[in-house]
Amino acid sequence: MASEVDWELLARSATEAMGRAYAPYSSFPVGAAALTEDGRIVTGCNVENASYGLTLCAECTLIGALQMGGGGRIAAFYCVDGAGAVLMPCGRCRQLLYEFRAPGMVLMTTAGVKTMDQVLPDAFGPEHLEGTP
Ligand code: THU
């Protein structure tokens with residue numbers, strides 16, 4: 001799976017998205033790009049707020065765009081900082097990505113390509129809600 005991913009394209013898409021970030025408070029723009037199982041590229045950028053805690057990470061806006069664009073599952077993911085360097089998704093965003101992962105989802109990390117399961121082991125997911133009212 002990882003070998004079929006165009007990581008250059010994902011990096012470029014994430015960097016382009018980073019250019020749209022609204023980060024006047026942290027001055028830390030972030031961009032994210034995902035390749036869907038059916039071959040689409042979906043992107044997001046962080047959107048901060050004067051009420052700091054309400055800030056949306058780049059992954060949040062990406063997931064919103066994914067759902068609004070018809071949904072689907074993420075096969076590969078790439079996140080960058082303001083310099084275009086690989087950025088690890090924060091813990092909350094790992095959970096957001098986990099919800100929409102395709103089987104075997106991979107992401108670029110500061111230590112190379114890893115699976116979603118490696119960066120969020122023993123995750124809580126939709127399957128744990130099965131059977132609850
Ligand atoms: N940020 C993201 O967009 N994604 C992450 O995974 C880590 C942090 C943003 C949130 C905030 O706007 C800025 O980076 C500094 O924390």
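# A guided chat about a predicted model

Buried residues make up 40% of the 133 residues in this chain, and the model is a predicted one.

Student: What order do the elements of the chain run in, from the N terminus on?

Tutor: Let's start with the tally: the chain has four helices and five strands. Reading from the N terminus on, the elements go α-β-β-α-β-α-β-β-α.

Student: What radius of gyration does the chain have, and how does that agree with a compact globule?

Tutor: Picture the box first: the C-alpha atoms fill roughly 45 × 40 × 30 Å along the principal axes. A compact globule with 133 residues would have a radius of gyration near 14 Å, and the chain agrees with that, having 14 Å.

Student: Which residue in β2 is the bridge partner of Leu35?

Tutor: Strand β1 covers residues 31-36 and strand β2 covers residues 41-45, and the two pair in the antiparallel sense over five bridges. They form a hairpin with four residues between them. Leu35 belongs to one of those bridges, and its partner in β2 is Ile41.

Student: Which residue in the turn of that hairpin has a positive phi?

Tutor: Look at the four residues between β1 and β2. The one to pick out has a phi of about 90°, and it is Gly39.

Student: Why do the buried residues of α3 line one face of the helix?

Tutor: Helix α3 spans residues 91-99, and its buried residues are Cys93, Arg94, Leu97 and Tyr98. Seen down the axis of α3, these buried residues stay together, so they line one face. As background, an α-helix has 3.6 residues a turn, so residues three or four places apart point the same way. The arc that holds the buried residues of α3 is 145°.

Student: What covers those buried residues of α3?

Tutor: The cover comes from helices and strands elsewhere in the chain. It includes α2 (58-68), β3 (74-80), β4 (101-109) and α4 (116-119).

Student: Which element gives the largest share of the largest nonpolar core?

Tutor: This core has 20 residues, and those touching the most other members are Leu62, Ile63, Ile74, Phe77, Leu97 and Met116. Two or more residues come from each of β1, α2, β3, α3, β4 and α4. The largest share is four residues, and the element that gives it is α2.

Student: Which residues is Met116 in contact with, leaving aside neighbours within four places in sequence?

Tutor: We've met Met116 already, as one of the residues touching the most other members of the largest nonpolar core. Leaving aside those sequence neighbours, its contacts are Arg94, Leu97, Tyr98, Arg101, Met105 and Leu107.

Student: Is Ser27 buried or exposed?

Tutor: Ser27 sits in the loop between α1 (7-18) and β1. Its phi is positive, about 55°, although it is not a glycine. Most residues other than glycine have a negative phi. With a relative accessible area of 60%, above the 50% cut-off, Ser27 is exposed.

Student: What is the relative accessibility of Asp122?

Tutor: Asp122 is in the segment after α4. It is another residue other than glycine with a positive phi, near 55°. Asp122 counts as exposed, and its relative accessibility is 82%.

Student: How far apart are the C-alpha atoms of Thr110 and Val86?

Tutor: Thr110 is in the loop between β4 and β5 (112-115), and it counts as exposed at 60% relative accessibility. Leaving aside its neighbours within four places in sequence, Thr110 is in contact with Val86 and Met88. Thr110 and Val86 are 24 residues apart along the chain, while their C-alpha atoms are separated by 6.0 Å.

Methods: Residues numbered from 1 in each chain as written. Predicted model: local features only at pLDDT ≥ 70, side-chain atom pairs only at ≥ 80, totals over all residues. Heavy atoms only, no water. Pairing = 2+ DSSP bridges. Buried < 20%, exposed > 50% of the residue type's maximum accessible area, 1.4 Å probe, protein only. Arc of directions from axis to C-beta. Contact = heavy atoms within 4.5 Å. Core = buried A, V, L, I, M, F, W, Y, C linked by side-chain atoms within 4.5 Å. Rg over C-alpha atoms; globule rule 2.2 N^0.38 Å.
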